[in-house]
Amino acid sequence: MDVFYELERVPAHSVLLLATREEAVNYPRGDIRLGFCRSCGFISNTAFDPSLHEYSERYEETQGYSPTFNAFARRLAEYLVERYDLRGKDILEIGCGKGEFITLLCELGENRGVGIDPAYVAERSLAHPADRVTFITDFYSEQYAHLRADFVVCKMTLEHIHHTAAFVGMVRRALADQPQTTVFFQIPDTTRVLEEIGFWDIYYEHCSYFTPGSLARLFRRCGFDVIDLWRDYGDQYLMIEAQPGSGMGRAFPALEHDLERTAADVETFRREAPQVLQRWREYLAQQHAAGRRVVLWGSGSKGVAFLTTLGIEREITYTVDINPNKHGTFMAGTGQQIVGPAFLRDYQPDVVIVMNPIYRDEIQRDLTTLGVTADVLSVEMFGRAASALVGCA
């Protein structure tokens, strides 16, 4: 694989609840060396070490406190229920997080569900599952191949798995005698990350990166027939629907024939990433020198990647998050304290950097309610035009 982007000593986890700044700053680290396969388009961290990971009850990945995200999740669940007539069916979710989505699917269609995730913690879930939903606090493995399902969901999990073909192949073997079962996978779309020079979307948990073409090729190689392939959520998420088959199914040339485009995007990322990083460092240094208060809004993996990649400590003191479970904890690697939105009423920042632009309107409404009149910037502001500063106050 052709290595095109390297980072040393980044936090091995981004969304663990770290109770002290000392623990956050000293959290175990690993290296990132992103390699690109010119034959299939797959991108992977060739330096990945899974032994550094700690998927446990301290893992806080839920996005369920956001009205924007909840509206998307409900729309997606309603679409899947209608498209596949998920009523009175058995549903399996691999990597269910805190269980919100499988609970929603079961509520909408009166289905029966099993969710598997080592980080499931009932007390921290926003879902209130009925007796028809069962949770297993573990990693999915051959041990659970006996679980039969009419529909298999795997959202925002495959990118955390290093040996992706082995994993998808394991799911395919579990469905060997269930040819009518549909699988639905959702992952981040790497096309956007490359085009935006989105360094904030590259972090240790994400060891595998897919474009539409490489994802479809993976599923066909593992014996699935692709039913549908599409993007959603501001083109941030890549979706695939498939069934056990011969490895054929529908073709989506407009999306799948992306190998040359991906190769070109990789070269652009290789060339322009250093410039984007330097412009962000200069901008934040200027704000700090002028005595202006800058905060990040979004303490998840994007925020950790942003701060650690840039090496930002003193220029930003606080990170804001609407998830109350995170308040009073600290950012892995750089140690900024995570605070709730109400903190800004007294702190009155001059600049708020939004770590995910899809939440910008939601965040602006919250800031207005709090009486905060800061400049609101989106994290991708330098990514699309690395040659000039855009929208800086």
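The buried residues of helix H3 are covered by elements that include helix H2 (67-83) together with strand E4 (90-94), strand E5 (112-116), strand E6 (133-136) and strand E7 (151-155). In this predicted model, 7 of the 10 residues of H3 (residues 100-109) are buried, so the helix is largely enclosed by the rest of the structure. The buried residues are Phe101, Ile102, Thr103, Leu104, Leu105, Cys106 and Gly109, and just after the helix Glu110 adopts a positive phi of about 50°.

Phe101, one of the buried residues of H3, also takes part in a contact between a charge and a ring, in that the charged end of Lys155 sits over the ring of Phe101 at 4.6 Å from its centre. A further arrangement of this kind involves Arg293, whose charged end sits over the ring of Tyr347, 4.5 Å from the ring centre. With regard to pairs of aromatic rings, a search of the whole structure finds 25, and ring pairs link Phe199, Trp200, Trp280, Tyr283, Phe306 and Phe382 into a cluster.

The second largest pocket has a volume of about 160 Å³ and is lined by Cys40, Phe42, His162, His163, Thr164, Ala165, Phe210, Ser214, Arg217, Leu218 and Arg221. Helix H4 (164-174) and helix H6 (212-221) each contribute at least two residues to this lining, with the largest share, 4 residues, coming from H6. Divided by class, the lining of the second largest pocket comprises 5 nonpolar, 4 polar and 2 charged residues.

How values were computed. Residues numbered from 1 in each chain as written. Predicted model: local features only at pLDDT ≥ 70, side-chain atom pairs only at ≥ 80, totals over all residues. Heavy atoms only, no water. Phe/Tyr/Trp six-rings, centres within 6.5 Å; stacked < 30°, edge-to-face > 60°. Lys NZ or Arg CZ within 6 Å of the ring centre and 35° of its normal. Buried < 20%, exposed > 50% of the residue type's maximum accessible area, 1.4 Å probe, protein only. Contact = heavy atoms within 4.5 Å. 1 Å grid on protein atoms, 1.4 Å probe; cavity = no way out; pocket = protein on both sides within 12 Å on 5 of 7 lines; lining within 4 Å. Points joined across faces, edges and corners; volume = space filled by probe spheres on them. Nonpolar A, V, L, I, M, F, W, Y, C, P; charged D, E, K, R; others polar.
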